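Hello,

Here is the structure I promised to pass on to you. Have a look at it first, and then read on for my notes.

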Amino acid sequence: MKKWMGPLSAVGVSAAMLVGSLASAQAADMNKAVTGTITVLTNRTDMQANGMLNTYSKEFEKLYPGTTVKWQTFVDNNTVQAQMNGGVYPDVMLILPSVTKEELPQFFAPLDNLGLDGKVYFGNYQSYQGKTYGIASFGDTNGIVYNVAAFKKAGIKGVPRTLNEFYADCAMLKKAGIVPIALNYTDKWPLGNWSNSLPDLIAKNANYMNTMANENAPFSAKSPEGESLLIARTLVQKGFVEHDFKNTNWANSKVQLAKGKFGMMFLGNWAIPQIVADGTPSSNVGFFPFPATNSGKNIAIIGPDWFFAVNKNSKHIATAEAFVKWELLDSGFADYAGGIPTIKTQKSHVPQLAVFEKLASAVIPGVPDSDTLTKIENGAQLDITGGGAVQSFLIARNPASAFAQMNQAWASARMMVGK
Amino acid sequence: MKRSGGRIFWGTLKYASLLVGLFVVLFPIWIAVVTSLKSNQDLSNLGILQLPRHLDFGNYITAWNGGDLGSAFLNTAFIIVLSVVGNITLGTMVAYVLSRFEFPLKKLVLGAYLVVLFIPTITTQVAVFGVIKGLGLFDTPFALVLLYLGTDVVQIYIYMQFINRIPVSLDESAMLDGASYLRIYTSIIFPLLMPASATVAILKTISIYGDLYSPYLYMPSTSLGVVSTALMRFEGPYSAQWNLIMAASVIIAIPLVLLYLFLQRFIFAGIVSGAVRE
Amino acid sequence: MKMSYRMQKNLLIVGFLIVPLALLVTFSFYPAIKLIYYSFTSWDGLSQQYPWVGWTNYTTIFTDPQLFGSFLHNFSYFIGGLIQNVVALYFAVLLSSKLKGRSFFRATLFLPYMLNAVAVAFIFKFLYLDGGALDTLLQSLGLGFLQHDWIGNDSIVNWALAFVSLWEFFGFNMVIYLAALQSIPEELHEAAALDGAGRFRTFWYIIMPNLRAIIQINLLLTVSGALEAFNIPFVMTNGSPPTATFLINTMNVAFTFNNYGLASAMAIVLLVIVFLVITVQQRLVGGGKDVV
C-alpha cells in the first residue's frame, strides 16, 4: 500500500478512496514496470483540438515518472485495421467493431489481472474462453437530446411520452422555425441508432436484434426493425429533419442544437457535455427516453461505448495496462465524456441522466450482438450497426421494395452463414 | 471584309471564353479567401458574397495553432524534398536507359510501368503495409519517401520526349572524347533535362502535397502529421466554422501557389521544351 | 583499362534499372499479386485464416446488382473527364495562339491544379451548401432557377462532385496539350496559312493528327481516374450511398463488411475494366497505335 501513497497524493483524495478499494499487491508490482513510451488510440478529435488529451498525458506522466503518452487519433476502421494486420498498432487500443471474439486473443492482452473483474459493467462483452480483453470506456444510453429553450419557444409543455406526441412536438418545433430533429446523415454513424438501438426499444427487449438472426424476413412495416426505419423515414418525409439533411454532420449539428436552432437529436448521453461545451448552460440541454411506441411506457437500454484494450505485442504492456486503469478510475474521462462510469462503484455526474432514469419505465442492461448476427449483417452487406443501412433506406424510392431487397439479402446471407 | 469580320468574331469569342474560364477558376478561390477573413459575426450576419466589414486575421491564427500547421509544414517539406530529389534521379535514369539503348526486355519494362498505372493503389494497402512494416519504416517519414520515390509512366513519358530531342550526336561526340555512358548521363543528359525535371518536380510535389491516404496509413502519429492530414483533423471538430476551415485551406494552399509563381517560368519552359531545341 | 561500350551498356542498363524496378515490384506488383491471391479467399481482413473459395467472389460481383451497380456513380466522372479534356484542349489551343495577357491566363487557369486536394474539397463543400455561395451567385446573376441543393439532390450530386474533379485537374491536361502544341513545327502552321485553310480545318487536319498520342495519354489518365474516383466523394460526402463509387464500395466491403476477399476481387475486376476501356479507347482514338 505504501508504494501507492506517493503518487496518490498527487491525484487527490477521491481517487485514493476509489483505488484504495481496488488496489492489490499485484497492482503494486505492476507499478515497477510502468515506464516507457506508449501510444493511445482515441476517437476524440475534439479533445485533441481543445488540449484535453494533452492534459491527460501530462497527468499520467506525472503519476508515473519515466512514461510518455502519445496519441493517435482515429480516422476510420480501415487505417487501424491495416495497422493491426501489420502487427504495429497503438499500445492502448479501441476495439474495432470488426474484430470477432475469436480474434480477440490474436491482438490483445487479457485484462483480468487489472483487478477489475466483477467490478465493471459490460465485463462479458469482449471476452473469449473465459478471458476479458476489453473494458468499456463508459456506458451509454440512447435517447433524445433536446434544447430546453427551443421546446419552450415552440410551446411544448413536458417531454413527449408517446410516438404520436413526439410527432406532434416535431410539428410544433417546425412551426416555430426550429429544425425539429437532426439526423447527421453525412457522418453515417449517428444514423446507427435508428437501425440498431430503436428496434430494441420498440420491442422492449434488449436481445431483439439478436433474434433477427433467426428470421428470414426481419424487415417489414410490422417488425420492430422495419418500424424503426419507417419512423426515421417519416421524419424526413414530414420535413422534420434538416432541410439539407444529406449534407449534415454532428460537429455542426451540436452547435446548432446549443443555439436552439435545432430542437433534438437521437444520440447517447455522451452528447450532452459536448453540446454544453458549445456554449449553452447545462440546464438548457435535456434528455429523455425515445418515445418508441404509443404505449406511454418507454424503456432505456444501457450499453457500452468504445472498449479499451491493450496491444498484446506492446513493449510496455504494464504501462498500457496502468493507463487503461488510470483512465477508467482516475482520469475523470467518463464524467468528462458525459458517460455512465464503467466502474460499478462510481456514479455518473451527468444531471440529465437522473432525470432521464425517472422518465424511463425501465432501465435494462444491453446485450452484445452475437457473432452470428454480425456475420449475417456482413454477408447481406447491410450496415445496420454503422448506419449505412439507414442512409440507403432514407433515400430509397419505395420503402416496400427496399424492405423486400433487404429481406432477400438477409435470407441468402443466413443460408451462407448456415443458420 | 469577310475575313476581318471573322477575325473580330473569333477574337471576341477567344477573350470571352478566357474570361469565363478565369471567372470559374477564381470564384471558388475568391469565396474561400473572403470567408476566411470574416469574423464569426460577419459570417452569420453578412451575405456569403459580401466582403467582410473589417478584415479578421484571427481565423488564420486559430487555424495555424489549432491545426498544428507549423509542424505539418515541416514534416511535409522534409518528405517532399527527399522524395522529389530521389524521384528525379530515378526518373531520368530510367528514361535515359529506355530511350538511348535497345535491349530485349525494354517493351516489358515500359509495359510494366503502364500496367501499374491502372492498379487502384488504395486497395493494395494491406500488402504494402506489410512491406513497410517489414522494412521497419512504419510511422516514420521514410515510409512515405520510399512510396513516393518510384517513378511513373507520366514522368518517363515527359523525360523520354525530352531525351529524344537531345541530338544523339551530342552523345557521340562525347564518346569520341572517351566519355563513358555514365558520364554522358551525368554531364550531358541530366543537366539538359533540368527544365523537364522542374516540371516533374512540380507535378510530384503537387501529388505528394495532396495525398491524404498514405500519411494516415503509414504515419498515424499525430506528431508526424502532414498538411493534408492536419487539414482533415482540423476540420473534424471545427466543421461548423467555415471561416476557420477556409482559413486553414487558404494557409495550406499558399506555399504551393508561391512556389508556382516563382517557378512558373521554369515549369512552362520545361513543358514546352524550348530549352533543348536546337 | 577501359570497359568496352558494349559492356558499359549492359552494366548501365542493369545499374540504372535495378532500383526503380525493385521499387516497382515491391510496391506495385507484389501487392497486386497478393490482391489476386486474396480475391480467391474469404479472408475477413484480420484473421489468420485465408479460406479458399475459388471463383465465388467473382461470381458474386457479377450477380449482385448492388456491387456492380455502383459503377453508375462513376459515370458522371467519366463524362466529366471527357469534357475536361475538351475544355483543356480548347484553352490550350487558345493559349498557344498570339494573345494579349497569355501568360497571365495560362498561369491562372493552371492555378486550381496547384491547390491542395483536401482544401479544394472543403472549398467546394462550402460552395455547394444549400443556399450557399453558388446558389447566391446564380441568384444574383438572374439564374435563380438553376439553384439546387447540390449535395442533397441525388440526381445532381455526382455531377457536382465530378465538376470538382474537372475544375481541379483540367489545368494539368491543358498544360500537357500546350506542350504538345508547342512542339508542332511552326512551318506547318505557316504552310496551312498560305494554303488559306480555315481555322477549323487547320486545327482538324494539321494539329489534331499531331496531338493524337498526347490526347491518348490524357484520356488514359482521366478515364482511369474516373473509374477509380475515390477521394472527392470520400472527403465531400463521406461516400454516402448516392455518391458511393465502385472504389468506395470496395472499401466498404473490405472494412465495414469484413470481406477482404470479395473486396480484393472487386479491385481486380476494376483493374480489368480500366484495362478494357483503355484498350477500346486506344482503338477508337489512336487507330491502334501504342501510346508508349
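**The two domains of chain A**

Between domain 1 of chain A and domain 2 of chain A, about 1200 Å² is buried, and carbon and sulfur atoms give 54% of that area. Buried area here is the accessible area (1.4 Å probe) that two parts lose on being put together, summed over both. Phe122(A), Ile340(A) and Gln352(A) supply 37% of what domain 1 of chain A buries against domain 2 of chain A, more than any other three residues.

Before going further, please keep in mind that this is a predicted model: local features need pLDDT of at least 70, side-chain atom pairs count only at pLDDT 80 or more, and totals for chains, interfaces and linings use all residues. Residues are numbered from 1 along each chain as its sequence is written, chains are lettered from A and ligands numbered from 1 in the order in which they are written, and side-chain values use heavy atoms, with hydrogens and water left out.

Domain 1 covers 2-138 + 305-354 and domain 2 covers 141-303 + 369-417 of chain A; these bounds come from an automatic or database domain assignment. Taken over C-alpha atoms, the centres of the two domains are 30 Å apart. In contact (heavy atoms within 4.5 Å) are 17 residues of domain 1 of chain A and 13 residues of domain 2 of chain A. The count of salt bridges between these domains is zero, a salt bridge being a side-chain nitrogen of Lys or Arg within 4 Å of a carboxyl oxygen of Asp or Glu.

A word on confidence: pLDDT is the predictor's confidence in each residue, from 0 to 100. Chain A averages 89, and 92% of the residues score at least 70. Over residues 1-31 of chain A, however, pLDDT stays under 50, and the model has 29 contacts beyond four places in sequence for them.

**Chain B with chain C**

This interface takes 92 residues from chain B and 95 residues from chain C. About 8500 Å² is buried between chain B and chain C, with 82% from carbon and sulfur atoms. In chain B, the residues that lose the most area to chain C are Leu18(B), Phe118(B) and Tyr157(B), together 8% of what that side buries.

How many salt bridges does the rule find across the interface of chain B and chain C? There is one, and Glu235(B) and Lys125(C) meet in a salt bridge through their side chains (3.3 Å, N to O). Helix 1 (residues 2-36) of chain B gives the most to the side of chain B that touches chain C, with 20 residues; helices are DSSP runs (H or I, at least four residues), numbered from the N terminus.

**Chain C with chain A**

Here 30 residues of chain C are in contact with 28 residues of chain A. The area buried between chain C and chain A is about 2500 Å², and carbon and sulfur atoms give 48% of it.

Lys246(A) forms a salt bridge with Asp154(C), where the closest N and O atoms are 2.8 Å apart. Helix 3 (65-69) and helix 12 (246-255) of chain C each supply at least two residues of the side of chain C that touches chain A, and helix 12 of chain C brings the largest share, five residues.

Best wishes
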